[in-house]
Amino acid sequence: NTSVFGDSIKVFVRVRPLTQGTGLTTDGDQNLCLTVTSPNTIRLLSKPEPRTFTYDHVADMNTSQDSVFSSVAKNIVESCMNGYNGTIFAYGQTGSGKTFTMLGPSELDNFTDELRGVIPRSFEYLFFLINREAERSGQSKSFLCKCSFIEIYNEQIYDLLDTASASLFLRENIKKGVFVEGAVEKFVNSAAEAYQVLSMGWRNRRVASTSMNRESSRSHAVFTMTLESKESINEVVNIRMSQLNLVDLAGSERQKDTHTEGSRLKEASSINRSLMCLGQVIMALVDVSNGKNRHICYRDSKLTFLLRDSLGGNAKTYIIANVHPGSKCFGETLSTLQFAQRAKLIKNKAVINEDTQGNVR
Amino acid sequence: MASVNSDEWRAVCDKFTNAQNLTEVESRNDPENDPFRSKYKARELLREIYCSLKSFEAGEGEEESGGESGEQRPTEQPVDGQREDGQGISGDSPAGMRAAKLGAVEYYLGVNHVDTEELSAGQEHLMNCMKLLDRCRVSSENVSLFIHVRNQLGILWAGRDETEMAQGFLETAESNYQRYMKEDGSPPIDMTEYFTSEENLLTHQERTKRFELAYTHTMYYLAQVYQNLGETERAATYCHSTLQRQLQLNQFNPMEWALNAATLSQYYITKGRYMEGRHCLSAATVISGLAGEVPSEAAAQESETESERREHLRQKRAEIARCWIKYCLNLLQDSKKLLEDNIGELDTDRQDELKRARRREEEEEEKGRKSALLFGSEDTFDSIASLEEKVLCLFPLDFTEARSVFLVGQNYVTQAKEYFQMDGYVTDHIEILQDHSSLFRALAFFEEDLERRCKMHKRRVDMLEPICNDLNSQYYLLIRRQLMFELAETYSEMMDLKLTLANRQADTQSLDNHTIKKFNSLCSASAKYFQMFLDSLCSPEGKFPEILEEEVLRPALVARFRVARLHSRLISSVPPVQLENLNRSLENYKYVVQYCEAHPEAAAAAETELELSKEMVGLLPLKINRLKARMAANN
């Protein structure tokens, strides 16, 4: 595909190995509910007919961390160097391997391990490219890299790098775009430093144990790396900014609040008996396709607003959908696979308000 | 059953109260790393209650009629359609009461499991409840439980994408309610009362309130089910009745209600139903007023609660104002569509015809108004009606009417901008400006004086141009593209108006220098913004894409075509400049033709433009050659 913008959202499905002795309810589940039939198709053994899903890439249980990185993140990191914004999302049920894919084994602090995930590998690669570029250009090109790490929990934003701070607000500025007001930004000079910032924040995330799962992430975590390159050619200074967002979404079974749900009903909250979401129901009724111009009083979820730019437009996005192959997870796996298929359709469209009358006079 | 006053029974009641308290109050304070602690505790209590109830039964040695013992029959998937409730034990008999009590515990256990993410277990308990109730006739003792359990099952099945299943449960709940209200209608017992002592029974008023609320939830869930099934009209009706019931029962938060009504207005607007849309908006404005005064800035600085309240009220009111803007805008635009002829000018025959039709319909209007769904309580009805009178809901048919709608819209623009300021709310602020610009554009259609029409377009340029140039092109790419396109079109519109005016004044084709200069500058400005739009499609390296993405395909082809036309229209008496303009023009026409040749599927996106481009690609070289020949001859 020669288009520069072509296919800005790609989907990678990864099947984790069966669990053993992890305390998950899926332990000992030896019955599989799916098979990987080719590098881009997966067959779900649903009844009465098995169903086949197609994605940009499907990785089976034996796929190495390095090959996940090569297919998903390599390109995105490279385009960040070229001034594009890039985002990698990890999506899936709790226990399906999101954290392993993104970070690596949780007890691991040494990021040279073979099992390290997409995030440490992206850091390494990014700094490899930065150093190479800086060297090649002599003195003319310099880079500045800073990180922030926030968490979205119950539609509130918290700074993972400054746990003492109260919840933060999203704001917009004509020059900076959408930003989290007051979020700490740390300058980093190497992959190791970036990794340090990441692990510091990671420990502050909200996790919870339920009888279903040993550890379930209740929040969306967004690690943002802002890359600024400065190039001076003949006294003209050229500044380019780009962002790399690494997003670990809350377990998909928890995501009643984002646009990820299928036809789940919004419930009346039993505490204050409020029908708060009625507006969202109506919102779904309001059709945009007939070209009418309408306003919806309900703001985007914080996550979609923050990453608005990553869903279409001039950004590159990869969604890693993690699934557990066990038959006990059939329901969640099906819904993850369906989400991943819908994700390809997400686009941030700009409707050009074009005059159709009187074009030709 | 243990007697109502026995100690065992009292212990059961205490456990129940405790479980309710754990579920509804304590659970809110559970730590984040152990979020279901209280719910798990409540679950244990409910299980104990269940065992006690069972043992009371056994103690009294009554026959069980099967089906509710420990081992369940294999559960066939039941669909809760319209079922006859005729047979079975009566609800208020001892057997019926026992079934209802056991059913209620199963219900609470079911909800508890669903809340703690154990859906299948939850489903099993809820189905057990259904089975217990199956044997009873609907009565004031159990009707509330009938409805609650079906609401829950509806939610559960909808969550699994089994919408029809959910629909069955909810529709049965709806018909249960309606039948009960028709046949009995006395305030029914609330399920919590099964486990309360005599002296703590609820008042009739409280019973009614709780029951009506459960049914309101049924309406609310059905609205969603119909929406998921694609039955939007029906879904909207259920949204409407949910809102109306909230008002009647006095069970609402004013601001929340107002926002919901305002959102519903947008549904009606997109369906072209302005009378309903206006009614929802007027109700939204009136009810939002019940949320109280906006705290002053000074008060907000004093306390954090006041500051939050101020923020909240201002934002929501601004949102409602934006819904009003859309109302005015769509009304003007729809009316423009009705009135314009094939070149986009006012069709006066059509105007007269519509005016006559309106006079005929005016008498009908009163009747239509009464049959429409209305909101309001005794207190608010008049205020809503008087707010409605301030703006038309019929299509404006001439400048005076259009202007009155425009002014209302513009007033809401000012209100909305007070909150959604550029600093902090860039996207919202620009959207409001775009609407303001569109309001002007629609109004200009009704303006007969071309000079004044031109000034309206100038206002649009003035509000959009500075922003378009200031916005960060990376983060606001999509908005900027919209702005560039709109600016290009506005300049082009102004250019045409100037030319028409000049031709009118100077009977001949000869234009004075001043007019030519004006014309050329508008023409170049238009071309500049089309070109900026095209440049925005380029990669960071400045390369134009070889394949245009679907959503920019038409705009890109149209922009190329328009650039071509604009260059051929530039007026110059200097041959080399003329040549350059014609070459630019040809190059852009060629692009359109060649792109559509290489990608035949694109042809449909810009049919007219393609046809004319082909023609021009044939004609322009002749013109260019003639010009070249003339230039050579003169040299």
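**Close-up views of aromatic pairs and a loop residue**

B:Tyr226 is a buried residue, its relative accessible area being 0%. Welcome to this set of close-ups, taken from a predicted model.

**View 1. B:Tyr226 and B:Tyr238 form a tilted ring pair.** Counted over all chains, there are 34 aromatic pairs. In this one the ring centres lie 5.2 Å apart and the planes meet at 50 degrees, so the pair is tilted. B:Tyr238 is buried, with a relative accessible area of 12%.

View 2. B:Tyr274 sits in helix α10, while B:Phe395, 121 residues apart from it, sits in the loop between α14 (381-388) and α15 (399-419). Which of the two is buried? B:Tyr274 is, at a relative accessible area of 3%, whereas B:Phe395 is partly exposed at 29%.

**View 3. Charged side chains lie over ring faces in both chain A and chain B.** A:Lys316 is placed over A:Tyr84, 5.2 Å from the ring centre. B:Arg322 covers the face of B:Phe420 at 5.0 Å from the ring centre.

**View 4. B:Val294 lies in the loop between α10 (274-289) and α11 (297-302) of chain B.** This valine, B:Val294, is partly exposed, with a relative accessible area of 29%. Beyond its neighbours within four places in sequence, B:Val294 is in contact with B:Arg310, B:Leu313, B:Arg314 and B:Arg317. From B:Val294 to B:Arg310 the C-alpha distance is 5.4 Å, across 16 residues of sequence.

Definitions and conventions
Residues are numbered from 1 along each chain as its sequence is written. Chains are lettered from A and ligands numbered from 1 in the order in which they are written. This is a predicted model: local features need pLDDT of at least 70, side-chain atom pairs count only at pLDDT 80 or more; totals for chains, interfaces and linings use all residues. Side-chain values use heavy atoms; hydrogens and water are left out. Helices (H or I, at least four residues) and strands (E, at least two) are DSSP runs, numbered from the N terminus. Buried means under 20% relative accessible area, exposed over 50%, partly exposed in between (1.4 Å probe, protein chains only). Contact means heavy atoms within 4.5 Å. Rings of Phe, Tyr and Trp (its six-membered ring) pair if their centres lie within 6.5 Å; planes under 30 degrees apart count as stacked, over 60 as edge-to-face and the rest as tilted. A charge sits over a ring if NZ of Lys or CZ of Arg is within 6 Å of the ring centre and within 35 degrees of the ring normal.
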